[in-house]
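Thanks, everyone. Please take a look at the model on the screen, and I will walk you through it.

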Number of protein chains: 2
Amino acid sequence: MSYGMIATWRMAYDGIRVGIVDLANCGSSQKAIVDAIKIVEDYPFYKSVGYGGLPNEVGLVELDAAFMNGDNFDIGAVAGSRNVKNPIVVAEKLSHERFNSFLVGDGVAKYASKEGFELRNMLTERAKKTWENRLEEMSKSNLSPYDGHDTVSMVALDQHGSMSCGTSSSGLFMKKEGRTGDSPLSGSGFYVDSEIGGATATGLGEDLMKGCLSYETVRLMSTGLTPQEAVNQATMTFVKKLERRKGKCGAFSLVAMNNQGEWGVATNVEFSFVVATDRLSPTIYLAYPAEDDGYPTIEVASHEWLDAYQARITAPIK
Amino acid sequence: MSYGMIATWRMAYDGIRVGIVDLANCGSSQKAIVDAIKIVEDYPFYKSVGYGGLPNEVGLVELDAAFMNGDNFDIGAVAGSRNVKNPIVVAEKLSHERFNSFLVGDGVAKYASKEGFELRNMLTERAKKTWENRLEEMSKSNLSPYDGHDTVSMVALDQHGSMSCGTSSSGLFMKKEGRTGDSPLSGSGFYVDSEIGGATATGLGEDLMKGCLSYETVRLMSTGLTPQEAVNQATMTFVKKLERRKGKCGAFSLVAMNNQGEWGVATNVEFSFVVATDRLSPTIYLAYPAEDDGYPTIEVASHEWLDAYQARITAPIK
């Protein structure tokens with residue numbers, strides 16, 4: 001039986017390499033998602049997820065995450081999590097709770113402490129330095145404080161036909177205390193139904209939650225559309241609608257996979273993503289938006305691109 | 001031009017009586033929603049919304065609320081709000097922010113303080129007593145601590161053709177610290193598009209967020225279904241799906257109105273709601289679920305029912 005994973009951004013690669021081995025060995029989609037996202041959370045050079053994620057305006061790292069089981073629709077989510085080493089692991093655990101499965105703020109670390117999860121100060125020296133530099137730049141110019149909101153989010157299909165998805169994000173750099181985006185919100189940041197498929201998002205959370213695009217992508221797949229048709233139609237229809245009704249639309253990028261392991265992506269910005277299936281070893285792609293709301297142009301990331309990426313994220317910060 | 005409001009639960013009545021006057025006087029749907037929900041939040045005898053809302057397991061009142069503008073899809077939301085007098089007012093204000101429009105935990109009161117909103121200890125003597133009594137009952141029996149999750153949520157259509165919706169809730173009684181439900185989640189607790197209609201929910205948030213039913217109801221209205229057809233199809237299809245896939249489904253009740261002022265409700269439990277339009281003075285209805293997933297039976301609440309309700313919510317607590 002087919003199996004596979006699709007995930008947002010280059011940073012998902014090392015996680016996907018582990019998750020796909022889980023799936024090849026008949027492991028569950030739940031395990032693959034948690035294993036994969038945990039690796040991304042733990043790598044200190046990814047500045048928008050987990051340890052090393054950039055802090056909010058007062059210098060605190062606050063993280064959002066969610067997990068969804070496509071068999072029974074169980075959802076666990078956290079928003080504004082502080083000092084919890086792996087938000088995705090806590091979210092997965094919460095998904096088994098009939099009540100109190102979405103926790104915010106202080107409540108996350110209190111729950112994690114009581115349940116024996118690992119705590120950690122999630123602020124790295126590097127992230128602190130980046131924050132200090134931004135404060136200084138902001139004091140000198142009218143620079144918008146907000147940029148960088150790259151959520152790692154992914155969908156997995158296992159050999160038993162079960163699907164799951166997960167998200168993890170530090171949200172907007174320099175966000176206000178307690179700000180959350182779409183990542184922990186069902187239907188917006190993620191949605192999965194094992195009988196159909198799943199979709200997850202990254203981009204400007206404030207705008208993504210206006211469209212419920214992950215839910216809409218899954219719904220369109222249920223009508224017979226391929227993942228590429230579904231995710232493109234859901235995303236581009238709403239991008240146009242929001243531009244018409246609000247006058248502007250933030251960055252939107254979505255990935256989707258159906259329960260046959262077919263996949264698709266939609267985006268209105270340049271966007272990297274990772275796919276692995278039983279027929280495709282883990283591969284990093286770049287997607288470029290079409291000018292006419294058609295399908296994005298997709299190409300395998302070049303060695304030059306990958307080298308430049310690694311050099312950029314690990315470059316010393318003065 | 002038609003105008004109207006529909007809202008969950010009997011407790012919405014006094015608010016709807018004020019909101020409908022706003023609408024009759026050509027006021028905006030935004031103003032009608034905020035005015036109406038503020039009244040419900042301020043009334044100390046409604047134990048699941050605002051001042052007088054029941055506290056979490058450690059005795060703190062934590063509130064969720066959201067506001068959505070159906071013209072441009074602007075959303076503002078708060079989860080786990082403490083010590084803020086009117087969460088709905090803060091949510092409406094947040095809806096005007098391009099970034100940081102959904103705040104959780106500490107962040108809500110910090111934002112509200114800086115922006116000059118009124119703060120208040122939201123715990124009443126009555127709520128404290130109810131909490132103490134429940135703790136004692138729980139120590140004596142295996143009673144589930146969780147019950148009572150009646151969100152006030154409503155949709156409004158104004159004479160200019162604009163629609164808005166809002167929600168406000170103290171969530172589950174005895175919830176864990178930081179627990180949030182569907183009320184602040186776009187697509188689950190609420191959704192509105194002025195070119196189509198709006199829908200809002202109340203019930204078990206942990207299950208409501210599995211289905212994105214407010215979004216789905218609005219989507220079905222966009223295909224030409226009446227509000228009654230749309231809300232019933234969205235709700236009952238998912239109730240059956242969740243029963244099949246998870247083995248059980250919590251309480252779900254939704255209200256919907258389209259941009260012609262037509263309305264509908266769906267529920268799998270006995271449920272009271274309030275409607276007012278240009279042709280209907282504010283009216284309290286009771287809905288009883290159909291046995292066959294058909295439309296609920298709807299009747300105007302009797303004087304006996306209303307008297308018993310008022311006596312119950314204001315009865316002395318020992």
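One definition to begin: contact means heavy atoms within 4.5 Å. Two more go with it. Axes are lines fitted to C-alpha atoms, for helices over the stretch in contact, and angles run from 0 to 180 degrees between N-to-C directions. Helices (H or I, at least four residues) and strands (E, at least two) are DSSP runs, numbered from the N terminus.

Some ground rules. This is a predicted model, where local features need pLDDT of at least 70 and side-chain atom pairs count only at pLDDT 80 or more, while totals for chains, interfaces and linings use all residues. Residues are numbered from 1 along each chain as its sequence is written, chains are lettered from A and ligands numbered from 1 in the order in which they are written, and side-chain values use heavy atoms, with hydrogens and water left out.

Now, chain B. Helix H7, residues 213-222, lies across E7, E8 and E9 of chain B. H7(B) runs at about 150 degrees to E8(B). What sheet is that? Four strands form an open sheet, in the order E7-E8-E9-E10 of chain B, with antiparallel pairing. Strands pair if DSSP finds at least two bridges between them. At the edges sit E7 (190-193) and E10 (263-267) of chain B, each pairing on one side only. From one strand to the next, the twist averages 10 degrees. E7(B) and E8(B), residues 197-203, share four bridges in the antiparallel sense. Within this sheet, B:Tyr191 stands opposite B:Ala199 of E8(B).

Next, how the copies are arranged. A rotation of 180 degrees, with 0.0 Å of shift along its axis, superposes chain A on chain B at an RMSD of 0.0 Å.

On to the interface. Chain A gives 60 residues to the contact, and chain B gives 60 residues. 100% of chain A's interface residues are also interface residues in chain B, so the copies meet through the same surface. The area buried between them is about 4,900 Å², with 54% from carbon and sulfur atoms. That is the accessible area (1.4 Å probe) that two parts lose on being put together, summed over both. A:Arg98, A:Asn100 and A:Arg245 supply 15% of the area chain A buries against chain B, more than any other three residues. There are 18 salt bridges between the chains, each a side-chain nitrogen of Lys or Arg within 4 Å of a carboxyl oxygen of Asp or Glu. One of them joins A:Asp193 to B:Lys241, with the closest N and O atoms 3.0 Å apart.

Seven of its eight residues are buried, so H3(A) is largely enclosed by the rest of the structure. Buried means under 20% relative accessible area, exposed over 50%, partly exposed in between (1.4 Å probe, protein chains only). What covers the buried residues of H3(A)? The cover includes H2 (29-42), E2 (63-69), E3 (75-81), E4 (102-104), H4 (106-114) and E6 (163-169) of chain A.

Most residues other than glycine have a negative phi. A:Asn83 has a positive phi of about 65 degrees. A:Asn83 lies in the loop between E3 and H3 of chain A, and counts as partly exposed at 40% relative accessibility. A:Met174 has a positive phi of about 70 degrees. A:Met174 is in the loop between E6 and E7 of chain A, and counts as buried at 2%.

Notes. Copies are superposed by least squares on the C-alpha atoms of residues with pLDDT of at least 70 in both.
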